[in-house]
Amino acid sequence: MARHWRAGAAGLAVLGLTLTACGGAKVGDTSSGSGGGSGSSGKCGTFNLAVNPWVGYEADAAVVAYVAQHNLGCTVDKKNLKEQIAWQGFGTGEVDAVLENWGHADLVKKYIDQQKTAVDAGQTGNKGIIGWYVPPWLAKAHPDILDWKNLNKYAAKFKTSESGGKGQLLDGDPSYVTNDAALVKNLKLDFKVVYAGSETALIQAFRTAEKNKQWVIGYFYEPQWFLSEVPLKKVTLPAYKTGCDADAAKVACDYPVYNLNKIVSAKFAKSGSPAYNLVKNFNWTNDDQNEVAKYIAQDKLSDDAAAKKWVDANKDKVDAWLK
């Protein structure tokens, strides 16, 4: 998620707040060890990998963790953390890497520029696209709905019990980057943002809408394996121009295309751990990510099995990461 994408979160948790992660690890819990940053002279040791809550990121983490374990001998500790919380772990040594960053200028400023606990580790190769989408049947039946200027005339069709008499604009996980509430207000649209709560719920809403010819419009993103199952159609919003989203309250333009990148702790970057070189070299395409995400979400393979299937078929790409 796509989620990227994803800047306006539903509140930032403060460091020290007890947040459960995989294996019982918590940000603020120093008992989890010093992490991959303790590796030196090429020894990997423990590699603490944040996993943010969308399946595309899970695909990134599955493959990187698999290669780290099987090719480098690392012990990988995956930690299921929201984007904003994961960055807090850079300074404590509890998070070594975030594999898919969707912009987050606020976090870059705080943790890279000011605290200097994190550094940019380069592009993933993925292009992140965020926007508003409708199911294919709706775009075909009402082609003009793909222009935001026509949304108000259809607003009543999107009303739900949760949208307070307005059209419902369905968003996903509240932690994702979203300008949607500001867009609705500033474009004077008769809609209300309602959160599905998770990527899975958002996908199911679109799947059901296509199957049953229901009126649904919502936030979605690419890369995303689901688009190969249900090719959602993107609504055209006012064109993005540099700086048009500088003031979160005044946003009235589309989302930018995000060149997704990797963020690592400054300590990890200097550690000599081979896991850092793997993260730095990790680079693939939207199609690669979607393939692994589909194995996980649709084919129900375990993360390890999905990663093995892709790694075995893409030896040249993996070898390039290990150089």
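Tutor: Lysine 185 is exposed, with a relative accessible area of 65% in this predicted model, a value that passes the limit because exposed here means over 50%. This lysine 185 is found in helix 6, and although lysine 185 and valine 251 are 66 residues apart along the chain, their C-alpha atoms are separated by 9.2 Å.

Another lysine, lysine 309, lies in helix 11, which covers residues 303-313, and with a relative accessibility of 44% lysine 309 counts as partly exposed. If its neighbours within four places in sequence are left aside, lysine 309 is in contact with Tyr295 and Leu301. Tyrosine 295 and lysine 309 are 14 residues apart in sequence, and the distance between them in space, from C-alpha to C-alpha, is 8.8 Å.

From single residues we can turn to pairs. Side chains of opposite charge can pair when their charged atoms come close. A search of the whole structure finds 10 salt bridges, and three of these pairs can be followed in turn.

In one of them, the side chains of lysine 82 and aspartate 173 meet with 2.6 Å from N to O. Lysine 82 sits in the loop between strand 2 (75-80) and helix 2 (83-88), whereas aspartate 173 sits in the loop between strand 5 (167-171) and helix 6 (180-186), so this pair ties together parts that are 91 residues apart in sequence.

Because lysine 317 lies in helix 12 (residues 315-321) and aspartate 288 in helix 10, the pair ties together parts that are 29 residues apart in sequence. Lysine 317 counts as partly exposed at 31% relative accessibility, but aspartate 288 is buried, with a relative accessible area of 7%.

In a further pair, arginine 207 forms a salt bridge with glutamate 229, and the closest N and O atoms are 2.8 Å apart. These residues are 22 residues apart and link distant parts of the chain, with arginine 207 in helix 7 and glutamate 229 in the loop between strand 7 (217-222) and strand 8 (233-234). Arginine 207 counts as partly exposed at 26% relative accessibility, and glutamate 229 is also partly exposed, with a relative accessible area of 30%.

The volume of the second largest pocket is about 250 Å³, and 16 residues line it, the closest to its centre being Val55, Glu199, Thr200, Ile203 and Ala297. Helix 1 (55-72), helix 7 (199-212) and helix 10 (286-297) each supply at least two residues of this lining; helix 10 is also the helix that holds aspartate 288. Sorted by class, the lining has 8 nonpolar, 4 polar and 4 charged residues, and it draws at least three residues from each of domain 1 (42-126 + 260-322) and domain 2 (128-250).

Definitions and conventions:
Residues numbered from 1 in each chain as written. Predicted model: local features only at pLDDT ≥ 70, side-chain atom pairs only at ≥ 80, totals over all residues. Heavy atoms only, no water. 1 Å grid on protein atoms, 1.4 Å probe; cavity = no way out; pocket = protein on both sides within 12 Å on 5 of 7 lines; lining within 4 Å. Points joined across faces, edges and corners; volume = space filled by probe spheres on them. Helix = DSSP H or I, 4+ residues; strand = E, 2+ residues; numbered from the N terminus. Nonpolar A, V, L, I, M, F, W, Y, C, P; charged D, E, K, R; others polar. Domains from an automatic or database assignment. Salt bridge = Lys/Arg side-chain N within 4 Å of Asp/Glu carboxyl O. Buried < 20%, exposed > 50% of the residue type's maximum accessible area, 1.4 Å probe, protein only. Contact = heavy atoms within 4.5 Å.
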